[in-house]
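Hi everyone, thanks for coming.

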Amino acid sequence: MGTPIKDVTIPDSAPKTLLLQKHADYIAAYGAKKDDYEYIMTEYLRMNGIYWGLTAMSLAGQLDRMDKAEVLEFVKQCQQECGGISCSVGHDPHLLCTLSAVQILTLYGSLDTVNTDRVVDWVKSLQQEDGSFIGDKWGEVDTRFSFCAVACLSLLGKLNAINIDKAVDFVLSCMNFDGGFGCRPGSESHSGQIYCCVGMLAITGRLHHINADLLGWWLCERQLPSGGLNGRPEKLPDVCYSWWVLASLKIIGKLHWIDKDKLIQFILACQDEETGGFADRPGDMVDPFHTLFGVAGLSLLGDTTIHPVNPVFCMPEETIRKVGIQLDLL
């Protein structure tokens, strides 16, 4: 007898239709509760949280419900002397929140809110001799930061500010025998890292280096009997991987390789019918992170009540078109 597969059981009572209006109401109310324990305790994720919420609202066609002036003022206050942007006022800048900030400003067509030349100089300063990127002054190297750097510069129209060839070489050095990618050379393949590396190669026009059949097979093996997707073997399914895995499959032209109907059933089961929002798994607590990736995943799966999402930037396709970014997907 083999080891039982780690998975979840979807209860019969789970939601079977998309509650898009409830999700928009949940996100709209979330940022208004500034005294809530949950809101206060997530300060270190504030910029990312605003990006998750605004993008979910944008995909639902309800971005105008959010306080644009308040958001832009917050982003402006988070730009530091060095040019990088922090997750909250007074925090250290980091590439992860700098990308979120640039995405927020792009959604609003308001890049002039910050000094973009200084953002570009700061991102450029984080590239290392081997082409990799550190996330901040503390020096951690991770392929997530390679994606953040090129995505950021691409949205700003300044991709050539860095050494693209070296950046690509570093990401390719993190490719594994199974077709996947890890966070550094020799690290195990992981769905989140694969999304970052595949997205980075899509932005730089280097997707031809990927073995799409081998990688597509690894990604499809992430689907469990429940229909949900996991991040790596022997892990439970999670709604956020409905984004990382699906977006990667979309970029490499293999989205049709998974059971879409079963995945839709899993994602819908992770909704909270009372409060709105998506959880990681059916019956768990909802949050803005999983809400964005639940909505974005359903958009990739063809739900026409949601605006089409760009698989590389996790932003509305319409926004990416307006910026003028051309992506050559497989």
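Let's begin with a term: a residue is called buried when its relative accessible area is under 20%, exposed when it is over 50%, and partly exposed in between, using a 1.4 Å probe and protein chains only. With that in hand, T106 has 8% relative accessibility and therefore counts as buried.

Before going on, a word on the source. This is a predicted model, where local features need pLDDT of at least 70, side-chain atom pairs count only at pLDDT 80 or more, and totals for chains, interfaces and linings use all residues. Residues are numbered from 1 along each chain as its sequence is written, and side-chain values use heavy atoms, with hydrogens and water left out.

Back to T106. You'll find T106 in helix 5, residues 95-107; helices here are DSSP runs of H or I with at least four residues, strands are runs of E with at least two, and both are numbered from the N terminus. What does T106 touch, if we don't count residues up to four places away in sequence? The answer is L111, L155, M315, T319 and V323, where contact means heavy atoms within 4.5 Å. The T106 side chain also reaches the backbone oxygen of V102, at 2.7 Å. That is a polar contact: a pair of N or O atoms within 3.5 Å, where, within protein, one must be able to donate a hydrogen and the other to accept it, and residues adjacent in sequence count only if both atoms are side-chain atoms.

Now for K16, in the segment before helix 1 (20-30). Is K16 buried or exposed? K16 is exposed, with a relative accessible area of 58%. Its side chain has a polar atom 2.6 Å from the backbone oxygen of D12, and the K16 side chain also reaches the backbone oxygen of A14 at 3.2 Å. From K16 to I306 there are 290 residues in sequence, and 16 Å in space, C-alpha to C-alpha.

Next, a helix pair. Helix 3 (residues 46-59) and helix 13 (residues 288-300) have axes that come within 8 Å and cross at roughly 30°. Axes are lines fitted to C-alpha atoms, for helices over the stretch in contact, and angles run from 0 to 180 degrees between N-to-C directions. Which residues meet there? Helix 3 brings Y51, W52, T55, A56 and L59, and helix 13 brings P288, F289, L292, F293, V295 and A296. By class, that contact has 10 nonpolar residues, one polar and no charged. Here Ala, Val, Leu, Ile, Met, Phe, Trp, Tyr, Cys and Pro count as nonpolar, Asp, Glu, Lys and Arg as charged, and the others, Gly among them, as polar.

Most residues other than glycine have a negative phi. E234, in the loop between helix 10 and helix 11, has a positive phi near 70°. At 54% relative accessibility, E234 counts as exposed. C314 also has a positive phi, about 50°, although it is not a glycine. C314 sits in the loop between strand 3 (309-310) and strand 4 (315-316), and at 2% relative accessibility C314 counts as buried.
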